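Here is a briefing on one protein model. Read it with the structure open.

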Amino acid sequence: MPCFPPPLSITICEINRDFITCESLTDDRAKETYGKVLGVVFSPIPFQSDLLLNNSEQGSEQELREDVPGRGLTALQLILSDSFKRIFRPKDVNLLEEVDPYGVSWHQHKHIIAFISGPNQVTVRDYEDSEGKDPHLLTSDFQRGITMLEWRPNGGKTLSVACKRGICIWSASYPGNAASVRSRVASFLGTLSRGGSGFRWTLVDFLESPSGEQVSALSWSPNGRFLASASCESSSFTIWDVAQGLGTPIRRGLGGISMLKWSPTGDYFFTAKFDGTFYLWETNTWTSEPWSSTGGRVTGAAWDPDGRMILLAFSESITLGSIHFASKPPSLDAHLLPVDLPDIESLTGSHGIEKMAWDATGERLALSYKGGNETYSGLIAVYDVRRTPLISASLIGFIRGPGENPKPLVFSFHNKCKQGPLLSVCWSSGWCCTYPLIFRAHLLP
C-alpha cells in the first residue's frame, strides 16, 4: 500500500519506500534520519507566499504599468518603458493569467537552490556555505513580474530569471574576482544581494525581449551556450547566444507558448502551447512536427536521461504520455504511448495533473493533481519509475507540507545529486522544503 502521511503531520524524507514524518517543522528529525547518511540537513526556507498568491491573481494593465521604474529613468529604461506600453493586446490577457509566477531550480552540480519568493524577488540558498546560513535575496529595477528561473549548465554560479520585458542574468561575485558585467549595459544595471556571506550576486546582463514582451518560459541548452525564451504574447520563441547577448527568433506561428524544454543531448527541443498543442523540434535545422492532445494542455514535461523520450502530463487527464523517438537524430519519427496512473483517480478522485517533476536519473516521479477529495488534497504523489522496456510507474506514497492546508505551488528535483534524488517544494504556507528520497542500498546504514 502507498505510504500516507497522517493528518497534521509533516513529511521529512523517504527511506526505502517509507516516508518519514514528524509533528513539527524542525531540523531535529532530519538530523536523526537522513542527516547521518547525507552529511547535510536541508533546512526549510521561509518566504512570503501571500505575495506570490496575490500577484498571480492580479496582472491588470494598471498593475503592470506601476512596475515600470518611474523616477530617474535611464535612456535604456525609457526604451524599455516604450516597449512595455505595447505589451498588452486584449487577446493576450487571458493567457497572461494562465502563467504561474512560481519557480524553483537547483544548481546542476552544487547544493544551491533558487526560487521565486516574491513577484520581484528571488531567494538563493547555498547549503554548502557553512558560514552563510541566511539566504541571498536578489532584486533589481529590471526584475519585475518574475515567472520562472533556471541555472545555467556549466556556467559556474549563473542564474537566469524570466520577467517583464526580458531576462535577468545573475552571477556570483567573490572578493578579488568580480563577475563580468556586459559593457553595453553596465551603467544601467543595478544589483542588490542581501544575506549570505563570502560573496554577493551581480546582475551581469539583461536580455531584452524582441518586442518587450513578458517572458513566460525559459530553457538552457545542455552545454550552457544557448538560452531559449518565449512569451505567451509572441508568435515566436528566441534562441539567445548568451555570451554575445544576441537573440534569434524562431518564427513558426507559435502564439501562446507555455513551456520550453531542451533535451539532455541538445538534439531535440520541446515547445507547448496553452491551447493544448505541442511541437517536437530537431535542433540541426530547427524543423518541427506538431502534436495535439485530447487531455487538455501540457502541464508538465520531462526528458529521460538519454534524451530519446519525453514524459508529458495533461491538465484534464490522469494518464501521462510518453513520446519515444523511433530512430536517431535528426529524425522526428516518434510514437506516443500512455502511462497509466490508476491510483490517482481511485485514491484521490482527481481527473487532471497540475504539475509534474521527474528525477534526472529516471527513478522518481513527483506530481500534484487537481481537485480530489479532502483527505488527499494538497499532497504530492511520488512514484517509483521503471524505463525498460516501456515506462511504468508505481505509487509509493505522498508528501505533506508544513502549515495549515498547504498546497504545492511548484516543485523540482536536483538534477545530478550523487546521493539520490532531492525534491524541493515551495508550499502555499510559505516554506520551501527539500525532501531527500533515499532508497539505494549503498547509502543506507
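Strands here are DSSP runs of at least two residues, numbered from the N terminus, and two strands pair if DSSP finds at least two bridges between them. The model is predicted. A search of the whole structure finds 12 salt bridges, and there are 24 aromatic pairs.

- Strand E8 covers residues 148-151 and strand E9 covers residues 158-163.
- The two strands run antiparallel and pair over 4 bridges.
- Glu150 faces Ser160 of E9 across the pairing.
- The hairpin has 6 residues between its strands.
- Asn154 in this hairpin adopts a positive phi near 55°.

**Aromatic contacts**
- A pair of aromatic rings is described by the distance of the centres and the angle of the planes.
- The structure holds 24 aromatic pairs. In one of them, the ring centres of Trp303 and Phe325 are 6.2 Å apart, with the planes at 5°.
- The pair of Trp303 and Phe325 counts as stacked because planes under 30 degrees apart meet that class.
- Trp303 belongs to strand E21 (residues 298-303) and Phe325 to strand E23 (residues 320-325), so the pair links distant parts of the chain, 22 residues apart.
- Trp303 and Phe325 are both buried.
- One aromatic cluster is formed by Phe237, Trp262, Phe269, Tyr279, Trp281 and Trp286.

**Charges over rings**
- Arg125 sits over the face of Tyr127, 4.5 Å from the ring centre.
- Arg364 places its charged end over the ring of Phe439, at 3.7 Å from the centre.

**Salt bridge of Arg17 and Asp384**
- The closest N and O atoms of Arg17 and Asp384 are 3.7 Å apart, and the two form a salt bridge.
- Arg17 is in the loop between strand E1 (10-15) and strand E2 (18-22), while Asp384 is in strand E27 (residues 380-386). The pair therefore ties together parts that are 367 residues apart in sequence.
- Arg17 is partly exposed, at a relative accessible area of 40%.
- Asp384 is buried, at 8%.

**Salt bridges of Arg387**
- Which residue forms a salt bridge with Asp304? The partner is Arg387, with the closest N and O atoms 3.6 Å apart.
- Asp304 lies in the loop between E21 and strand E22 (309-314), and Arg387 lies in the loop between E27 and strand E28 (392-399), so this bridge ties together parts that are 83 residues apart in sequence.
- Asp304 is buried, with a relative accessible area of 6%.
- Arg387 has 30% relative accessibility and counts as partly exposed.
- Asp306 also meets Arg387 in a salt bridge, at 3.8 Å from N to O.
- Asp306 lies in the loop between E21 and E22, and Arg387 in the loop between E27 and E28, so this pair ties together parts that are 81 residues apart in sequence.
- Asp306 is partly exposed, with a relative accessible area of 48%.

**Salt-bridge network**

Notes
Residues numbered from 1 in each chain as written. Predicted model: local features only at pLDDT ≥ 70, side-chain atom pairs only at ≥ 80, totals over all residues. Heavy atoms only, no water. Phe/Tyr/Trp six-rings, centres within 6.5 Å; stacked < 30°, edge-to-face > 60°. Buried < 20%, exposed > 50% of the residue type's maximum accessible area, 1.4 Å probe, protein only. Lys NZ or Arg CZ within 6 Å of the ring centre and 35° of its normal. Salt bridge = Lys/Arg side-chain N within 4 Å of Asp/Glu carboxyl O.
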